[in-house]
Amino acid sequence: MTTSVRERIRSVVVGSVDYETGLDALTVTPPAEVDPALVAVLNEACAGLWRRGWQPVELHRVVGRRGQPTHTQLVTDAIAAHLRHVSRKRVDERWLAQANALEARVWWRSDATYLDEVAVRWRSDRVAVLDAVLTLLTILAELPPIEVLVPPPGTAPQPGRRSGSAGGGRIDERLLDRVRALLAKAESSTYPAEAEAYTAKAQELITRHSLDEALLLARSGDTAVVPYARRIGVDHPYEGEKASLLDAVARANRCHTVWSPELGFSTVFGFDADIDAVDLLYTSLLVQAHRSMARAEPPGGKAGRARLKAFRQSFLVAFAIRIGERLAGAAKAALTEATRDTDEIGTAEPVNLLPVLAARDEQVRETMRKVFPQTVRARGSRVDSREGWESGREAADRATLPTP
């Protein structure tokens, strides 16, 4: 592996050498010199991004937004290659779970033959593979450092003081499976009453778990479970409007969000059980919003393209605002019921939920301030279609929401 080949690769990536000229030079250089250097540079680039805050799913997603499916496949392989040299004991469980979700595994025989094996797997030629790797490297080089929310591989996992540590935090997997199944039925149902019953049951399970956990921790005095942050992707088009919907769902579930439009994700701060709820409910409500919008929107076509865009933006703005109103009411009712139930628990000393939840909210806000010391309030989205606004509010009123 010669230094000169690495330097040529980096020159192409940073743009000091014309891309086509650099690619042509690599194609005529012996593979035995190019391939190990190219693979090493790719793995080093990904390793640097892990240290600068990026997590597997996030990197996979942003590369997919900026590149092609072939680039995401290369990222998945880079994840597997990185894990190959790190003890599983020194990989945070969240990082490892993301790698597993992407099915990252070492399928190639050796790094020396990796690019040849990729070409065979893709049924492509060598030049196309070299082009894909170089293009991916240029995408990776443009990514900024982001907040480190999960320790990168090779770093000893953070001990104890984290959301989801012993004593509570995450929603039990069996409960999550039940919630996912209920929401899937709600989304596929063509009968509003039936869908509402499924979603209401799902929210009931989530809400009771979250409030019960808060009470349990308050009674025990356990301070090991602390707030956490998770980045949730927001897809285009109409990203700003969708981010507003995510924020409405988050606020109703005792979480806070910071929207990063340049990277297409929102960072959600809260306790793990609450963030799980936000993730599940946002996804389900987004499906319902799109389904209702498709039924209500005016005809498209060239003449109506501007009208259709204004309708969709206004629809999503109205949907998010109305959903926020309904969720706030549902959360208040759920709190009232939970407070009443705590007074009826055997001989246990009653705990006032209001100060407990207020203290948890301050913990969440403090965590957010540490990660984002300065934030800018986003401008609200414009509403240019009365038809879209009214349709969005009507759809939000029909949406299947949790009831206490």
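Author: The largest cavity has a volume of about 70 Å³. Here a cavity is a set of points, on a 1 Å grid over the protein atoms alone, where a 1.4 Å probe fits but cannot get out. Grid points are joined across faces, edges and corners, and the volume is the space filled by probe spheres set on the points. The structure holds two cavities of 30 Å³ or more.

Before going on, a word on the model: it is predicted, with local features needing pLDDT of at least 70 and side-chain atom pairs counting only at pLDDT 80 or more, while totals for chains, interfaces and linings use all residues. Residues are numbered from 1 along each chain as its sequence is written, and side-chain values use heavy atoms, with hydrogens and water left out.

Seven of them are nonpolar, one is polar and two are charged. In this scheme Ala, Val, Leu, Ile, Met, Phe, Trp, Tyr, Cys and Pro count as nonpolar, Asp, Glu, Lys and Arg as charged, and the others, Gly among them, as polar. Helix 3 (31-51) and helix 5 (69-83) each supply at least two residues of this lining, and the largest share, four residues, comes from helix 5.

Stepping back, the chain has 15 helices and three strands; these are DSSP runs numbered from the N terminus, helices being H or I of at least four residues and strands E of at least two. Of its 404 residues, 48% are buried, that is, under 20% relative accessible area with a 1.4 Å probe and protein chains only.

Strand 1 (residues 228-233) has five of its six residues buried, and strand 2 (residues 256-260) has four of its five buried. Strand 3 (residues 265-270) runs antiparallel to strand 1, joined to it by six bridges; strands count as paired if DSSP finds at least two bridges between them. Four residues lie between strand 2 and strand 3 in their hairpin, where G264 takes a positive phi near 75°.

How values were computed. 1 Å grid on protein atoms, 1.4 Å probe; cavity = no way out; pocket = protein on both sides within 12 Å on 5 of 7 lines; lining within 4 Å. Buried < 20%, exposed > 50% of the residue type's maximum accessible area, 1.4 Å probe, protein only.
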